[in-house]
Amino acid sequence: MLHVSMIGCGAIGVGVMELLKSDPEVAFDVVIVPEANMANARSVVSSLAPKARVETRLGEDRPDLLIECAGHHAIEEHIIPALLRGIPCMVVSIGALSEPGLVEKLEAAAREGKTQVQLLSGAIGAIDALSAARVGGLESVVYTGRKPPNAWKDTPADGPFDLANLSVATVIFEGSAREAARLYPKNANVAATLSLAGLGLDHTQVRLYADPGVTENVHHVEAKGEFGGFELTMRGKPLAANPKTSALTVFSVVRALGNRAHALSI
Ligand SMILES: NC(=O)C1=CN([C@@H]2O[C@H](COP(=O)(O)OP(=O)(O)OC[C@H]3O[C@@H](n4cnc5c(N)ncnc54)[C@H](O)[C@@H]3O)[C@@H](O)[C@H]2O)C=CC1
Ligand SMILES: O=C([O-])CC(=O)C(=O)O
């Protein structure tokens, strides 16, 4: 039985608890949310993981694994202190790692705690192929992200572009993955994940579209290198609870927890 503490109880966290509620090998002991969200989280957790406590921090608990499904601040606030205490962690808010120095800080904390932090693939596939290709040397990685206009609400594109009335696919950003992640933190996790697996934040090229012609979050990757090349297109269905987040992100967390909890890992 894997004893898990989870940070966040939003679209991803709730989806994960729903899918794992009848898995006898995974137990949620603690769910961590900010004070203001505790009442809401308690009502959800009481039906999906009735044995779990809702807290604002991990405290003295020592789970087998701490998983972050919360957002960028949670990395500094909860993951780094847990790693320093030797608790293995998984992270889904990969866009946060575009902040200068944060990847190094995470790595140093895991080393000091003699443990490991796993960065999850989330909404994108082929991270295994890309990071293997890096071993032989990569020439270029180009990522194009395409989402319905409402997924760009409350981002820097909301204002300069009349999102509600777009009639054609419109490029709202073109530049490096570092800049994409800085400007669009909640929509640039995929760009950051591809960068960390591949050519890094400054050399991964990103183009983002608000596209009234799509209903899914479409991720396209083109990579070339010593290994040859690949092209990947993923059409991720957005979660009803948060259109910025693809359902595959939830499934990737469930897969990662299953791989730790079950006898066979794939
Ligand atoms: N790697 C990937 O491919 C993807 C990563 N994400 C990232 O996953 C994260 C969560 O996404 P959603 O569940 O859709 O968001 P959401 O907004 O629905 O839920 C976030 C939850 O985390 C809690 N929270 C926020 N800050 C916190 C903190 N500092 N400490 C503890 N709890 C905190 C909130 O109260 C809420 O319960 C976001 O950062 C998002 O950018 C989302 C989609 C894909
Ligand atoms: O598709 C998703 O779930 C989220 C996404 O694009 C990102 O954060 O890069």
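Trp152, Phe173 and Tyr184 form one aromatic cluster in this predicted model. Three aromatic pairs turn up across the whole structure; rings of Phe, Tyr and Trp (its six-membered ring) pair if their centres lie within 6.5 Å, and planes under 30 degrees apart count as stacked, over 60 as edge-to-face and the rest as tilted. Local features need pLDDT of at least 70 and side-chain atom pairs count only at pLDDT 80 or more, while totals for chains, interfaces and linings use all residues. Residues are numbered from 1 along each chain as its sequence is written, chains are lettered from A and ligands numbered from 1 in the order in which they are written, and side-chain values use heavy atoms, with hydrogens and water left out.

**Aromatic cluster**

- The ring centres of Trp152 and Tyr184 are 5.5 Å apart and the planes stand at 85 degrees, so this pair is edge-to-face.
- Trp152 sits in the loop between strand 7 (138–147) and strand 8 (170–176), and Tyr184 in the loop between helix 6 (177–183) and helix 7 (189–197), so the pair ties together parts 32 residues apart in sequence. Helices (H or I, at least four residues) and strands (E, at least two) are DSSP runs, numbered from the N terminus.
- Trp152 and Tyr184 are both buried, meaning under 20% relative accessible area, with exposed over 50% and partly exposed in between (1.4 Å probe, protein chains only).
- Phe173 and Tyr184 have ring centres 6.1 Å apart and planes at 70 degrees, so they too are edge-to-face.
- Phe173 belongs to strand 8 and Tyr184 to the loop between helix 6 and helix 7, so this pair links parts that are eleven residues apart in sequence.
- Phe173 and Tyr184 are both buried.

**Charges over rings**

- The charged end of Arg146 sits over the ring of Tyr209, 4.1 Å from its centre. The criterion is NZ of Lys or CZ of Arg within 6 Å of the ring centre and within 35 degrees of the ring normal.
- Lys147 lies over the face of Trp152, 5.9 Å from the ring centre.

- Six strands make an open sheet in the order 3-2-1-4-5-6, with parallel pairing. Two strands pair if DSSP finds at least two bridges between them.
- Strand 3 (53–55) and strand 6 (117–119) are the edge strands, and each pairs on one side only.
- Neighbouring strands of this sheet are turned by 25 degrees against each other on average, direction ignored. Axes are lines fitted to C-alpha atoms, for helices over the stretch in contact, and angles run from 0 to 180 degrees between N-to-C directions.
- Strand 4 (residues 65–68) and strand 5 (residues 89–91) pair in the parallel sense over three bridges.
- Glu68 has Val91 in strand 5 as its bridge partner.

**Ile67**

- Ile67 is found in strand 4. Its relative accessible area is 0%, so Ile67 is buried.
- Leaving out residues up to four places away in sequence, Ile67 touches Val4, Ser5, Met6, Ile7, Met90, Leu120, Val253 and Leu257. Contact means heavy atoms within 4.5 Å.
- Ile67 and Val117 are 50 residues apart in sequence and 9.6 Å apart in space, C-alpha to C-alpha.

**Helix 7**

- Helix 7 is mostly covered, with seven of its nine residues buried.
- The buried residues are Val190, Ala191, Ala192, Thr193, Leu194, Ser195 and Ala197.
- Their cover includes helix 5 (127–136), strand 7, helix 6, strand 9 (204–210) and strand 10 (217–225).
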